[in-house]
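Here are my notes on the model you sent over. Have it open beside you as you read.

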Amino acid sequence: MAVLAWIFCGSLSLGAAEAKHILFFTKSSGFEHSAIKRTNGELSHAEKVLTELGKKHSFEVTCTKDGGVFTPENIAKYDAFFFYTTGDLTKPGTDKQPPMTAAGKAAFLQAIKNGKGFIGTHSASDTFHTEPDSKEAGTRYQNYGDKSDPYVLMLGGEFIKHGPQQKAKMIVVDPKFPGCEELGSDFELMEEWYSLKEFASNLHVILVQDTAGMKGAEYKRGPYPATWARTYGKGRVFFTSMGHREDVWTNPKFQSLLLGGIDWALGNIKADVTPNLEQAAPKHGDFPPKPDENKPEKAKTKRKT
Ligand SMILES: [Zn+2]
């Protein structure tokens with residue numbers, strides 16, 4: 001299985017500056033999204049899209065679901081790590097792919113702190129929740145601050161819950177961030193939207209979720225960060241909550257934003273990532289009502305993420 005889990009997604013030999021190298025990790029210890037599910041030994045939709053973007057934009061992508069690759073020797077080979085994962089990746093979990101070791105997780109986080117890049121889409125925020133974790137029991141409806149899981153402290157935010165897919169508005173609070181030039185002051189998109197918490201104080205917020213008029217208790221709160229960049233030690237961390245739907249991965253706005261984030265995380269371009277959390281999303285600390293405070297009869301319904 002370990003061999004199957006490794007698929008080399010493509011390489012570049014343009015003769016120009018050496019292409020930087022991203023490890024795209026899509027292990028699902030929790031819910032397995034269709035966008036990263038492989039069938040018949042083929043790369044998943046998101047893996048194909050990222051590989052193609054790499055070919056066009058001069059970065060190399062290696063795709064894996066094997067958590068065993070996170071050893072100090074392997075970690076050193078990559079310039080950035082891209083997660084579209086779920087759950088506790090140190091457990092085999094849903095997809096039964098080999099887990100990360102605790103030492104591998106620690107080495108990976110230290111590597112980011114020492115200066116490598118990190119890119120996360122969507123359920124990268126539904127990964128390594130602070131324990132004990134149960135969205136039904138309401139343990140996610142609070143912030144843990146510096147007692148959060150070390151992965152959450154690196155990412156700078158954490159998933160709470162999502163409501164029904166719907167068209168919703170992203171407000172562009174930093175139109176100067178790479179890739180945002182074409183987005184306008186705001187845009188709408190059909191997507192599964194994540195309600196998030198545990199925002200790091202040094203977030204440089206790029207997109208804010210406009211919650212006004214959204215369907216679902218998960219969005220009964222003020223606007224909050226949905227895409228950000230931040231530094232973590234010497235490392236560069238970029239996250240966007242988007243990426244659930246397969247058509248989002250081929251949406252030009254999503255690709256433009258993602259490429260900007262990748263270029264910055266790889267250190268190819270500079271960007272102003274001055275912390276702006278309080279100005280960009282002053283109500284970021286709001287929480288939606290807990291399930292048992294809202295519709296008790298639905299509190300036990302396990303939703304996919
Ligand atoms: Zn999702």
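**Notes on the fold and its core**

1. Let's start at Phe-82: leaving aside residues up to four places away in sequence, Phe-82 touches Ile-22, Leu-23, Phe-24, Phe-25 and Ile-119. Contact here means C-beta atoms, placed from the backbone, within 7 Å. Please keep in mind that this is a predicted model, where local features need pLDDT of at least 70, side-chain atom pairs count only at pLDDT 80 or more, and totals for chains, interfaces and linings use all residues. Residues are numbered from 1 along each chain as its sequence is written.

2. Phe-82 also belongs to the largest nonpolar core, which has 77 residues; with Ala-80, Phe-81, Val-205, Ala-229 and Val-237, Phe-82 touches the most other members. Such a core joins buried Ala, Val, Leu, Ile, Met, Phe, Trp, Tyr and Cys residues through C-beta atoms within 7 Å. Helix H7 (residues 252-265) gives the largest share of this core, six residues.

3. Overall, the chain holds nine helices and twelve strands (DSSP runs of at least four residues, H or I, and at least two, E). Of its 305 residues, 50% count as buried (20 or more other C-beta atoms within 10 Å of a residue's own). Among contacts with a separation of 6 or more, 79% link residues 24 or more positions apart.

4. S9 runs antiparallel to S6 (residues 158-162), joined by four bridges, and Tyr-194 is the bridge partner of His-162.

Definitions and conventions: A residue is buried if 20 or more other C-beta atoms lie within 10 Å of its own, exposed if 12 or fewer, and partly exposed in between; C-beta atoms are placed from the backbone. Two residues are in contact if their C-beta atoms, placed from the backbone, lie within 7 Å. Two strands pair if DSSP finds at least two bridges between them.
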